[in-house]
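Come along if you like.

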Amino acid sequence: MSQYLSDHVHLGDDLTCVAILDQTLLPNEVKYLTLRTPEEMFEAIQLLRVRGAPAIGICAGYCLAALAEQRKDLDPAQFRTELHRLSQYLNSSRPTAVNLSWALNRLGARAHAMPEADPPAIAAALRHESIAIHQEDIAMCKAISEYGLTLIKEGDGVLTHCNAGPLATSQYGTALGPLLLGKERGMNFRVFADETRPLLQGARLTSYELHKAGVDVTLICDNMASMVMKNGWINACFVGCDRVAANGDAANKIGTSGVAILAKHYGIPFYVLGPTSTIDLNCPTGNDIKIELRDPEEIKSKFYAQPMAPAGVKCYNPAFDVTDHSLIAGIVTEKGICRPPYSQSLAALF
Ligand code: MRU
């Protein structure tokens, strides 16, 4: 599986830092960064050097474990206070993907369950917990890929939006998992990857991963999705998710809900694929999901040789949108495929 860059987030050899592949440089440069300070870790998540809901959770777990290791000589009370502060700081780097708080809370609970332990023992426990989160994600992606593969057949056309591949997770990915797993088994699909404005995760990352794996992938601009669906080239849409509410409303990269609306129009099943760590039963509906707003310069100038909009023009740059549960044919998790009504099928998973 090494061709899928499953090792793109890992704990440094000295246990006090985290190594990540800087995804902002792809597909032109494969460069690893070492994150040692809380500020470097925060910046890496906020600027999408590491991104994709499960990968953010895995990275945050390793970051907190590395910071704990650095501080294991503090006195016990100070150590716990620091741990709490650092966890809150990392958690504030991005608001929408629930995997971030899910992973940090999991480490927090582990520390809380060791009231008598000294800082070195807690630091070791947090390291083991963060490695477990990573290992479990590998298994979850494989299971999601298996379930997703049952939804498509040889020769199908699949449209995807953003990047929910190995770079966004651990191995295989979620939305791209069935396509990569199918390819390994000798199956062929025709994948259409939305470029995914404004940060181009589809162009830079999805087409990179699929092309590298030998999957037949065609890159399209986001506004071409209707055309390829009308042409009859799409049998299913597969997308990832950043937070799924209890009623099945699913937040994912901006533009996803438009794809779902188009799919409904053309009678194409639209599937959301994600691990149960992305399901937030504390969030009743999509209206309760906080949507990240990002720097206007990402729209106006980021990937252009010169600015493409007047300097003073107003910009609205939400990073995610919410797809209404009524548009979703199935939510594919590592525990199986949930079907409507999602308020029942999602609750039954836990
Ligand atoms: O802003 P990003 O690149 O972190 O957004 C990523 C997505 O929207 C993914 O589809 C989602 O996190 C699922 S990744 C398996």
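I start with a term: contact, or touching, means heavy atoms within 4.5 Å. This is a predicted model, where local features need pLDDT of at least 70, side-chain atom pairs count only at pLDDT 80 or more, and totals for chains, interfaces and linings use all residues. Residues are numbered from 1 along each chain as its sequence is written, and side-chain values use heavy atoms, with hydrogens and water left out.

Entry one: S345. I found S345 in helix 11 (residues 342–345); helices are DSSP runs (H or I, at least four residues) numbered from the N terminus. S345 has 19% relative accessibility, so I log it as buried (under 20% relative accessible area, 1.4 Å probe, protein chains only). Not counting residues up to four places away in sequence, S345 touches C338 and R339.

Which side chain of opposite charge is nearest to D137? I get R106, 9.2 Å away, and D137 is buried with no salt bridge (a side-chain nitrogen of Lys or Arg within 4 Å of a carboxyl oxygen of Asp or Glu). With neighbours within four places in sequence left aside, the contacts of D137 are P54, I58, T169 and S170.

From helix 1, P38, M41 and I45 meet I56, C63, A66 and L67 of helix 2.

Definitions and conventions:
Helices (H or I, at least four residues) and strands (E, at least two) are DSSP runs, numbered from the N terminus. Buried means under 20% relative accessible area, exposed over 50%, partly exposed in between (1.4 Å probe, protein chains only). Lys and Arg count as positive and Asp and Glu as negative; His and the chain ends are not counted.
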